[in-house]
Amino acid sequence: MKNQRLALFVIVLVFVSLACNTLVSNSPNNVSNAPAVDFTTPAEPLNVTVQLNEADTISGMFSPNGSTMSLIAKDGTVFKLDVPPNALEVDTAITMTAVKSIEGAPLDNGAVSAVQLEPSGLFFNEFVTLTIIPAQEIPIEKQIIFAYEGTGQDYHLAIIDPKSREIKIKLLEFSGAGVGSGGDKEW
């Protein structure tokens, strides 16, 4: 009797083990069925063509004590740059120029509210904040907030302040940044 119970227990254990193995191997989340993700090969950068509106520009001197500058573009878009104390080590001349157009960016209608910040490549010790209030409101679910390097190299999604209701882009280095409109296809 004791041997029959032990044999029955072993048979049940084998069936349960086989059933569990079958369930795991058919699971949609099984790692062995997932495609390999390559984290070592750099992605292909997306470069865009930026055309500036030279008539919409402002320059100012920023000190290590912190400074603020605002530009209202001809279309009514407001750009505000806030540089906190200790972000700069020396007095630095900064220029903001409104972007007229960006070609090659994955945006649904090509309209953008963006600004070129110079000197390009200027690095900060603290995050600076670029606030953008577009002339025409873009629904939050359609906003694509981006940045690029230099004159349009390495277009990418920008770091934002997730707690803000306004569009606030966090930057550690200068070039260009803005917001456009897009849907699932553009994302």
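Colleague: Which strands each supply at least two residues of the lining of the largest pocket?

Modeller: Rolling a probe the size of a water molecule over the atoms shows where empty space is left. On a 1 Å grid over the protein atoms alone, a pocket is an open set of points where a 1.4 Å probe fits, with protein on both sides within 12 Å along at least five of seven lines, and lining residues have an atom within 4 Å of a point. Here, strand 6 (123–133), strand 7 (143–149) and strand 10 (167–173) each give at least two residues to the lining of the largest pocket. Strands are DSSP runs of E, at least two residues long, and helices are runs of H or I, at least four, numbered from the N terminus.

Modeller: A word on the source: this is a predicted model, where local features need pLDDT of at least 70 and side-chain atom pairs count only at pLDDT 80 or more, while totals for chains, interfaces and linings use all residues. Residues are numbered from 1 along each chain as its sequence is written, and side-chain values use heavy atoms, with hydrogens and water left out.

Colleague: What volume does the largest pocket have, and which residues are closest to its centre?

Modeller: A volume is the space filled by probe spheres set on the grid points, which are joined across faces, edges and corners. For the largest pocket this comes to about 480 Å³. It is lined by 20 residues, and Ile140, Gln143, Arg165, Glu166 and Ile167 are the closest to its centre.

Colleague: How does the lining of the largest pocket divide by class?

Modeller: Ala, Val, Leu, Ile, Met, Phe, Trp, Tyr, Cys and Pro count as nonpolar, Asp, Glu, Lys and Arg as charged, and the others, Gly among them, as polar. That lining has 13 nonpolar, two polar and five charged residues.

Colleague: And what lines the second largest pocket?

Modeller: That pocket, of about 390 Å³, has 23 lining residues, with Asp75, Thr77, Ala111, Val112 and Ser113 nearest its centre. Strand 1, strand 4, strand 5 and strand 11 (176–181) give two or more residues each. Its lining has ten nonpolar, eight polar and five charged residues.

Colleague: In what order do the strands of the open sheet run?

Modeller: Two strands pair if DSSP finds at least two bridges between them. Six strands form the open sheet, in the antiparallel order 1-4-5-11-7-8. Strand 1 (49–62) and strand 8 (153–157) each have a single partner strand, so one side of each lacks a neighbour in the sheet. Inside it, four bridges join strand 4 (residues 92–103) to strand 5 (residues 112–118); Thr97 has Gln116 in strand 5 as its bridge partner.
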